[in-house]
Amino acid sequence: MSLTGKVALVTGGAQGIGRAVVESLLQSSVKVAVVDLNQEVGCECKVQLDTEYGEGNCTFIQCDITDGDTLKDAFQTTVDQFGQLDIVVNNAGINNEKDWEKTIQVNLTSVIKGTYLALDHMSKEHGKRGGVVINVSSMAAFLHSPHQPVYTATKHGVIGFTRAIADASSLADYGVRINVLCPAFVDTPLLHSVENEANMGKFVKFKDDFKHSMNKFGVLKPPQIAEGMMRMIMDSSLNGAVMKITCSKGIHFHTYEPLSA
Ligand SMILES: NC(=O)c1ccc[n+]([C@@H]2O[C@H](COP(=O)([O-])OP(=O)(O)OC[C@H]3O[C@@H](n4cnc5c(N)ncnc54)[C@H](O)[C@@H]3O)[C@@H](O)[C@H]2O)c1
Ligand SMILES: CCCCC[C@H](O)CC\C=C/C=C/C=C/[C@@H](O)[C@@H](O)CCCC(=O)O
């Protein structure tokens, strides 16, 4: 897939992994809508990106992705401003075992909504030109972290939803590839939330165990995740793929046993 002239929307794009992905897209001459809850960080991010990549190449849209109408407006604003939509990265996520229902809303329900909105704007079913969606899950989906039962459940859900809707896209010829990316630990503000009772609730007592896991498995940097993301966006053979990125194995794909009776 050539990226020249394409338009992307990245949720949670103002910091961390999302910000690194936004920068990689801008470096490939993609126009980018940064969709994020955090007004202050989003505005700072926009100023820095304008300085680095030139004005008119990105926009910041303040949006709580759990509000369906606001998320729908963010997609429409992107299309109104840049004329089309080709790439959607459903990346925004939180770590909150205390308010676990919010974690389900942000990490799973909003990823589903973001994927359906992406299809509204990109699917051949709606007379559009096709495109690509990448949903962000986690290695927690494979290692069922005992410190984060609900976070882990949402990340399992993202993989299941993505593989199923990718098959639907293929069967119904939507022209949209839908893939999922699972990073191991990454050095972002989210990682520091494991220290906080407000985030971890009763599981905060396992924080030393969590840190032990981080030391054991290592911590990646956001540009390493952006590199995997760009590969998934550009490789037109990938649909329903589950990419894992770890310190030990780098960028690689999860393989599933074929179904047998
Ligand atoms: N950091 C890690 O170790 C790690 C590992 C695996 C997967 N992930 C996943 O990667 C994704 C990005 O995480 P990160 O580490 O960059 O986190 P981060 O906290 O650094 O960035 C997340 C961004 O999402 C935004 N956001 C949160 N709630 C939102 C909402 N309701 N509406 C809109 N924006 C919202 C935040 O404002 C923030 O800018 C998440 O889905 C996370 O679960 C992170
Ligand atoms: C506060 C939120 C932090 C989020 C944490 C991440 O979402 C969870 C990351 C969890 C575990 C990472 C484990 C990495 C393991 C690998 O290095 C490797 O040993 C496993 C390899 C398995 C494989 O690649 O097939």
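Helices (H or I, at least four residues) and strands (E, at least two) are DSSP runs, numbered from the N terminus. The model shown in these views is predicted.

View 1. His-147 has a relative accessible area of 4%, so the residue counts as buried. Leaving aside residues up to four places away in sequence, His-147 touches Glu-97, Met-200, Phe-203, Phe-206, Asp-209, Phe-210 and Ser-213.

**View 2. Phe-185 and Phe-210 form an aromatic pair.** Phe-210, one of the residues that His-147 touches, lies in helix α9. A search of the whole structure finds 3 aromatic pairs. In one of them, the rings of Tyr-116 and Phe-161 have planes at 85° and centres 5.7 Å apart, so this pair is edge-to-face. Phe-161 is buried, at 14% relative accessibility. Phe-185 and Phe-210 are also paired edge-to-face, with 5.5 Å from centre to centre and 70° between the planes. Phe-185 belongs to the loop between β6 and α7, so its pairing with Phe-210 ties together parts that are 25 residues apart in sequence. Phe-185 counts as buried at 17% relative accessibility. Phe-210 is buried too, at 4%.

**View 3. Tyr-116 and Phe-161 join two helices.** The structure holds 3 aromatic pairs in total. For Tyr-116 and Phe-161, the ring planes stand at 85°, so the arrangement is edge-to-face. Tyr-116 is in helix α4 and Phe-161 in helix α6, 45 residues apart, and the pair links distant parts of the chain. Tyr-116 is partly exposed, with a relative accessible area of 43%. Phe-161, at 14%, is buried.

**View 4. Two charged side chains lie over rings.** Arg-163 lies over the face of Tyr-256, 3.5 Å from the ring centre. Lys-244 lies over the face of Phe-142, and here the distance to the ring centre is 4.6 Å.

**View 5. Eight strands make an open sheet.** The 8 strands run in the order β3-β2-β1-β4-β5-β6-β7-β8, with mixed pairing. At the edges are β3 (58–62) and β8 (250–253), each of which pairs on one side only. Neighbouring strands are turned by 20° against each other on average, direction ignored. Strand β7 (residues 242–246) pairs with β8 in the antiparallel sense, over 4 bridges. Ile-245 has Ile-251 of β8 as its bridge partner.

**View 6. Helices α6 and α10 lie against the sheet.** Helix α6 (residues 149–171) lies across β5 (131–136), β6 (176–183) and β7. It runs at about 160° to β6. Helix α10 (residues 222–234) packs on the sheet and touches β4 (87–90), β5, β6, β7 and β8. The direction of α10 makes about 160° with that of β6.

View 7. The structure has 9 salt bridges by count. In this one, the closest N and O atoms of Lys-46 and Asp-50 are 2.6 Å apart. Both residues lie in helix α2 (residues 39–53), 4 residues apart, about one turn of the helix. Lys-46 is at 23% relative accessibility, so it counts as partly exposed. Asp-50 is at 15% and counts as buried.

**View 8. Asp-64 and Lys-102 meet in a salt bridge.** The N to O distance is 4.0 Å. Asp-64 is in the loop between β3 and α3 (68–82), and Lys-102 is in helix α4 (residues 100–122). The pair links distant parts of the chain, 38 residues apart. Asp-64 is partly exposed, at 26% relative accessibility. Lys-102 is partly exposed as well, with a relative accessible area of 28%.

**View 9. Glu-195 and Lys-211 form a salt bridge.** Their closest N and O atoms are 3.1 Å apart. Glu-195 lies in the loop between α7 (189–192) and α8 (197–200), and Lys-211 in helix α9 (residues 207–217), so the pair ties together parts that are 16 residues apart in sequence. Glu-195 is partly exposed, with a relative accessible area of 35%. For Lys-211 the relative accessible area is 28%, and this residue is also partly exposed.

Terms used:
Residues are numbered from 1 along each chain as its sequence is written. Chains are lettered from A and ligands numbered from 1 in the order in which they are written. This is a predicted model: local features need pLDDT of at least 70, side-chain atom pairs count only at pLDDT 80 or more; totals for chains, interfaces and linings use all residues. Side-chain values use heavy atoms; hydrogens and water are left out. Two strands pair if DSSP finds at least two bridges between them. Axes are lines fitted to C-alpha atoms, for helices over the stretch in contact, and angles run from 0 to 180 degrees between N-to-C directions. Contact means heavy atoms within 4.5 Å. A salt bridge is a side-chain nitrogen of Lys or Arg within 4 Å of a carboxyl oxygen of Asp or Glu. Buried means under 20% relative accessible area, exposed over 50%, partly exposed in between (1.4 Å probe, protein chains only). Rings of Phe, Tyr and Trp (its six-membered ring) pair if their centres lie within 6.5 Å; planes under 30 degrees apart count as stacked, over 60 as edge-to-face and the rest as tilted. A charge sits over a ring if NZ of Lys or CZ of Arg is within 6 Å of the ring centre and within 35 degrees of the ring normal.
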